[in-house]
Amino acid sequence: MSQFRQQDNLLGQSDSFLAVLDQVSQLASLDKPVLIIGERGTGKELIAARLHFLSKRWEQNYIKLNCAALNENLLESELFGHESGAFTGASKRHEGRFERANSGTLFLDELANTSAMVQEKLLRVIEYGEFERVGGKQTVKVDTRLVCATNEDLPYLAEQGEFRSDLLDRLAFDVITLPPLRERQEDIMLLAEQFAMNMARDLDWQLFSGFTRSAMEILQGYDWPGNIRELKNVVERSLYRHGNEHIPVHQIILDPFESRFRPKQRIKKPITKTAEAPPIPAATEEPIVATTRTQFQFPCSLKALSNEFEIDLIKKALEFSQFNQKKTAEVLGLTYHQLRGYLKKYNLLDQQ
Ligand SMILES: Nc1ncnc2c1ncn2[C@@H]1O[C@H](COP(=O)(O)OP(=O)(O)OP(=O)(O)O)[C@@H](O)[C@H]1O
Ligand SMILES: [Mg+2]
């Protein structure tokens, strides 16, 4: 099978998507930084690669790094490299991603949560193309084109003081905002058919008999919060569960967790708590106040109980704010960025 299958290409013919492709073609030839913004699964990574491969740098390195996957120190040394002996375990000089992408393109994914220190170094490398490796004094010069992506609201984070405004100005020479799939109605079936044909091939089917009308209506009527990635998963899952190449697919499995045996959602409560929390108030503008008094048994773990309390409170605040994260942050007296930190820490992002 060819290494470059159809599914690796960017598909779409809606006006909003074609406008993005035009913008990408225009921007590709410039050496300026580009920021790609879009909901999860909208194709940010594919667009970043396209920017590189349409640019004059296409024969040079295209290097990617997911900033959210590393802590501050690791990220710094991954980006800028380190000298031998810079820290325990640094036995050899390590070339950072900026150097490896010299003359090429560096794609920084999930950039929003980088620390102030990393942001400061990024600012300098964008402005002057230079930096020092961790533990080094020598200034390294590079000619690396930067493409960044995020699904966070960076201008809002900058307003809140959570992201450097001067860095944002420089990163955002131009911004490509990817439309969510629900705004690309005419692309849904085009993508679905393509994903289905690729899946049929993976299943060793000789043919794909299409979708029934009601299946198409479900695909076109759904909101697609996970966008194209979700559509791809749904189509592939529906095909393999359908399991028959001769009959059109009639059942669309949007939610793989759906089952009458699915365990009910349990919100963890402190085991030793004796008083039940009162029911959540309806969504009014009244502030949430802590009204429960609990009795504890000792010994107990302060950390574990505090964590449980935080999770409980955040879940209630989310419900109270009808899952609007900005409002939730507000009613908890947190910045949006801080709330996102908690949601990540407690793995609450997917449950909303
Ligand atoms: N226009 C498109 N045509 C075909 N496939 C696409 C298109 N856009 C995205 N995809 C597919 O959808 C999936 C998600 O794309 P990608 O990883 O680029 O999204 P993302 O915006 O980076 O997501 P996340 O925010 O979750 O990192 C991939 O499998 C990709 O191949
Ligand atoms: Mg991505």
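**Exercise 1.** In this predicted model, find which residues Glu78 is in contact with, leaving aside its neighbours within four places in sequence.

*Solution.* Start with the place of Glu78 in the chain: the residue belongs to helix 3, which covers residues 72-80. Next, set aside the neighbours within four places in sequence; the contacts of Glu78 are then Leu65, Leu70, His94, Gly96 and Arg97. Last, look at the accessibility. Glu78 has a relative accessibility of 17%, and the cut-off for buried is under 20%. Glu78 therefore counts as buried.

**Exercise 2.** Trp224 and Gln322 each have a positive phi. Decide for each whether it is buried or exposed.

*Solution.* Begin with the background: most residues other than glycine have a negative phi. Trp224 is not a glycine, yet its phi is positive, at about 50°. Its place is the loop between helix 9 (213-221) and helix 10. With 0% relative accessibility, Trp224 counts as buried.

Now take Gln322. Its phi is also positive, near 50°. Gln322 sits in the loop that runs between helix 11 (302-320) and helix 12 (325-331). Its relative accessible area is 62%, and exposed means over 50%, so Gln322 is exposed.

**Exercise 3.** List polar backbone atoms that lie close to N or O atoms of ligand 1, then state how much of the ligand the protein covers.

*Solution.* Take the residues in turn.

- Asn9: a backbone N or O atom is 3.4 Å from a nitrogen atom of ligand 1.
- Gly41: a polar backbone atom is 2.9 Å from an oxygen atom of ligand 1.
- Glu45: a backbone N or O atom is 3.1 Å from an oxygen atom of ligand 1.

On its own, ligand 1 has 640 Å² of accessible area, and the protein covers 87% of this.

**Exercise 4.** Summarise the chain as a whole.

*Solution.* The secondary structure consists of 13 helices and seven strands. Of the 352 residues, 42% count as buried. The accessible surface is about 20,300 Å², with 49% belonging to carbon and sulfur atoms. Among contacts with a separation of 6 or more, 71% join residues 24 or more positions apart.

How values were computed
Residues are numbered from 1 along each chain as its sequence is written. Chains are lettered from A and ligands numbered from 1 in the order in which they are written. This is a predicted model: local features need pLDDT of at least 70, side-chain atom pairs count only at pLDDT 80 or more; totals for chains, interfaces and linings use all residues. Side-chain values use heavy atoms; hydrogens and water are left out. A polar contact is a pair of N or O atoms within 3.5 Å; within protein, one must be able to donate a hydrogen and the other to accept it, and residues adjacent in sequence count only if both atoms are side-chain atoms. Accessible areas come from the Shrake-Rupley method with a 1.4 Å probe; for residues, only the protein chains shown count as cover. Helices (H or I, at least four residues) and strands (E, at least two) are DSSP runs, numbered from the N terminus. Buried means under 20% relative accessible area, exposed over 50%, partly exposed in between (1.4 Å probe, protein chains only). Contact means heavy atoms within 4.5 Å.
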